[in-house]
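Trainee: Hi! Could you walk me through this one?
Mentor: Happy to, let's open it up.

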Amino acid sequence: MAEILLKDVVKNYGKLEVVHGINLFIEHNEFVVLVGPSGCGKSTTLRMIAGLEDITGGEISIGGTVVNDFAPRKRDISMVFQNYALYPHMSVRENLGFGLKIAKQPKDVIEERVNEAAVILNIEDLMDRTPAELSGGQRQRVAMGRAIVRHPQVFLFDEPLSNLDAKLRVQMRTEIKRLHQKVKTTIVYVTHDQVEAMTMADRIVVMKDGHIEQVGSPLEVFERPVDTFVASFIGSPPMNLIPGEVVMRDGRLHVAFNADQSVPVPASLADKTTEGQKVIFGFRADDLMPDGHAVPIMGEASGLRLTVDIAEPLGTETLLFCQFAGVDIQAKMYNPRMVKPGEVMDFKCALDKTHLFDAASGKSLRG
Amino acid sequence: MSIVSVQPRRKSRRDWTPALLLSPAFLVLIFVVLVPLLFSLYTSFTNYRLIRPDSLYEWIGLRNYQRIFTDSKFWAAFGRTIIFLTLALNLEFIFGLGIALLINKITWGQRTLRTIMMFPMMFSPILVGYQFKFIFNDNIGLLNNALQSLGIGDGAIAWLVDKPLGMFTIIFAEVWMSTSVFAILLLAGLFAMPRDPLEAAKVDGCNSWQVFRHITLPFLMPFAFIAMTIRSLDVARAYDIVDVMTGGGPANRTELLWTMIARVGYDNSRMGQANAMAYVSILLSIAFTYYFFTKLIAARKYMGGAE
Amino acid sequence: MASKTKKQIGKVANWILTFVLMLVIGLPGLWVVLTAFRPNREILAKPAIWIPEKLSLDNFGKIFGYGVDQIAIPVPSYFANSLIISLTSTAIALLIGMSGGYAFARFRFKRKNGYFLALMLSRTVPGIALSLPIFMVWSRLGLIDTKMGMIIIYVALNIPFTIWLIDGFFRQIPKEMSEAAQVDGCTRWQAFWKIEFPLAKSGVASAGIFAFLTSWNEYALASQLTRSTDSKTLPVGLMDFTAQFTIDWAGMSAMAVIIIVPALILTFLVQKHLIAGLTFGGVKG
Ligand SMILES: Nc1ncnc2c1ncn2[C@@H]1O[C@H](COP(=O)(O)OP(=O)(O)OP(=O)(O)O)[C@@H](O)[C@H]1O
Ligand SMILES: [Mg+2]
């Protein structure tokens, strides 16, 4: 069993603290993705799990054993690096078999496992080439092959797809997913691409500035972001966030953006907020649609009249960029038709799916 | 989710590996360089002479330094050394740059040229000295023989003896030996030079001199500083050349600081005084190296390669 | 049309310049080599004899103690001393240099630039200036005129530059290589020998050749610290050919050839790596 436990894990580089006490439990066979903006400490955390960086404080255990002082080779892990780190002076076959050779496995075992990995990753034809003779995607595959031949308890990936072109990235995404289903091990995967995180993870860990902001399944993180940072980081396009104030209008709490623009506070949030509170009103582009749209809105809706600045047709949907209360926001339209810039349209906002965040702390009021 | 840790944090252990890895190097250097230098610093305050071992304990304070600083021969040698270094390093840079630009233009046979260019760098300075002593020899030297056969001059130019010519020949030998360091590194710089800024400058209307002056040369400077630093590490190997070619003579016309140290220390066996001079020469070398090294560090920052 | 001729003139000028350049670089050495195969009579002839009448190996035979007229200079033992001293000191300097270069390339520590500068500055001490105190210390330790004494000095002489070069070569190898190997089950030691060392091998080899040549060519220290056939090296031995007023040009040239040839061969072998190492170590701090 290879569950991973991080307890108050801290990392200092000299006097600079870059990871500030992380707590995280990763279950056996779980696919966990660490995601966050550049420099937030994802790689550092992963490298501490791998044993490539000393742990300044706290505890990391793998499979129930505290591994703080274990060298990487004692942790029964394997890792795929961003630039693959294939050994340039060895053939693909030797690259794959290297770890087993170091572990002094018998020749026939090595050969069997290497071939098995080659079949899984579909690289049988490349076995006698050197890394220099491979394309980016092939190198990526060899790097994964090198990780799987040793049948480790845990796989660690550090942005393994960021050097690939967009198309290959999508393809490798599914391959890694498939690989996970085949080999059944715990995977910790680092990326700064939230689409990768959404599509691959069992659970997403959103990090910022050396802290964990939120942990949850992709849908949880998408639908119930704990704060404005997660709300704007996860999902594409990012959530629309408009600052306002809670006021009483017509006997009901509204979020007022200025003297004449306001939306009612959804019923589910009415008791979580009070009059006069400064808030940030958030909703996704999918939840703001032109009135009379083919997709019906569930629950309560609020009408808005907006001027479209730019329309970006994406095929099945069109992204509409509008101004609302001085903020740029986006709406989605699924009825394909040409929209002219400057056109005034009526929109409906699905109130039940909107979010309210406290303006001062950025925390979600849904709690 | 993230809880501020209240647990006492384990002090991160200091990693002793780099210290361990570097210790053999420093131990050897302390034993071979630092300790002897401290010893010689001590003797530079004594009246130590090789032939009288007990003179090692004759403390005479700063008298050795006083003596050399009031000695006009010492100052002449010191000045000559500075002139020698300044001329040699500048000529090496200019010729090196010229050669690098020249070879960079040539496409056919470039590798061979580069290899040939590197040979002088590998010559023993003593051989360089011998080689030019032979070639500049007034009686049977290649140069005088050639001039004679061509009917130029009366044939017996005393290259190594004549006053300005003596200096000229040792500088010539030094430049011959060391220009390749500059040429090689500047050529490497030219190879590493990105094309875009060159083309951008051309589009912006620079003529080829302006392109060279404002784009190529600034890019090459760090490479020149590497060469300068490498060279300044071992400037004193000119001693070998001079020792073979003229031995500092005749009548001290080619005497440099280093040949003077050898004469005073070994031939006159005044170790204390020689050590005082040696300290001056060491400070001179350190000053040169330090100057170029800091330039190199600054240039590196500018190139964005520094940690 | 005009610019075409201009271009061609430029090209011709380039070639002429290159030719002159190669002549200046190559001719002195070639002249010495040629002299090594000529009899003294021809070398000293006045007016000069430009076309050699006969080339022979007599001069070499002479200095190695064969042939009719032998020379009283024990060149074979100088050669052996040079070889032993250079090879041993190179091997030791390489080991120490690899260890130090690796430390600079792979670890972060305080005052790194300072330590590096200190190393380099130790190299700047002029050989002749260093020879005085070493002479005094060595004579107390009984190391004067021993191979051991010279080996220790040359190790020290070679360490700074070896570290500089090797540091550059290790830096070229991504850190992830060794990390991947450690994750694959290697100790740091194994990762070094199985991954990083094989990748830096050619660079280390050229650093070694550089160190060898430094020892092989060194004169200032050896000339003061060696006396006899026990430890005298070739460059020092070269001066044996100069008596007070006469110089044995033929013998000296032959000996020069013996010193040059290994240097030339080795230079040829390393030139490519050497340039890479120097620039890399220097530019990428
Ligand atoms: N060796 C180091 N010394 C000092 N600071 C470091 C070191 N390595 C990383 N850092 C700092 O630690 C922080 C976290 O770095 P880390 O590499 O974990 O970020 P990341 O989340 O992986 O970012 P990216 O997406 O860019 O890879 C950064 O602010 C970085 O500047
Ligand atoms: Mg990272």
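Trainee: Which residues are linked in a network of salt bridges?
Mentor: A:Lys11, A:Arg47, A:Glu53 and C:Glu179 form such a network. A salt bridge here is a side-chain nitrogen of Lys or Arg within 4 Å of a carboxyl oxygen of Asp or Glu.

Trainee: What should I know about the model before going on?
Mentor: This is a predicted model: local features need pLDDT of at least 70, side-chain atom pairs count only at pLDDT 80 or more, and totals for chains, interfaces and linings use all residues. Residues are numbered from 1 along each chain as its sequence is written, chains are lettered from A and ligands numbered from 1 in the order in which they are written, and side-chain values use heavy atoms, with hydrogens and water left out.

Trainee: What does A:Lys278 form a salt bridge with?
Mentor: Its partner is A:Glu245, with the closest N and O atoms 3.4 Å apart. This pair links distant parts of the chain, 33 residues apart: A:Lys278 is in strand 14 (residues 278-283) of chain A and A:Glu245 in strand 11 of chain A. A:Lys278 counts as exposed at 51% relative accessibility, while A:Glu245 is partly exposed at 31%.

Trainee: And chain B, which residue does B:Glu174 pair with?
Mentor: B:Glu174 forms a salt bridge with B:Arg231, the closest N and O atoms being 2.6 Å apart. B:Glu174 is in helix 7 (residues 163-192) of chain B and B:Arg231 in helix 9 (residues 208-233) of chain B, so the pair ties together parts 57 residues apart in sequence. B:Glu174 is buried, with a relative accessible area of 1%, and B:Arg231 is buried too, at 3%.

Trainee: What is the secondary structure of chain B like overall?
Mentor: Chain B has 12 helices and zero strands. Its radius of gyration is 25 Å, whereas a compact globule of 307 residues would have one near 19 Å. The radius is taken over C-alpha atoms, and the globule rule is 2.2 Å times the number of residues to the power 0.38. Of the 307 residues, 55% count as buried.

Trainee: How many helices and strands are there in chain C?
Mentor: Chain C has 12 helices and zero strands. Its radius of gyration is 24 Å, well over the 19 Å that the globule rule gives for 285 residues, so chain C is more spread out than a compact globule. Along its principal axes, the C-alpha trace of chain C spans about 80 × 75 × 35 Å. Buried residues make up 59% of chain C.

Trainee: Where is A:Asp76 found?
Mentor: A:Asp76 is in the loop between strand 5 (65-66) and strand 6 (77-80) of chain A. Its phi is positive, about 55°, although A:Asp76 is not a glycine. A:Asp76 is partly exposed, with a relative accessible area of 32%.

Trainee: And A:Ala85, buried or exposed?
Mentor: A:Ala85 is buried, with a relative accessible area of 3%. Its phi is also positive, near 50°, and A:Ala85 is found in the loop between strand 6 and helix 2 of chain A.

Note on methods
Helix = DSSP H or I, 4+ residues; strand = E, 2+ residues; numbered from the N terminus. Buried < 20%, exposed > 50% of the residue type's maximum accessible area, 1.4 Å probe, protein only.
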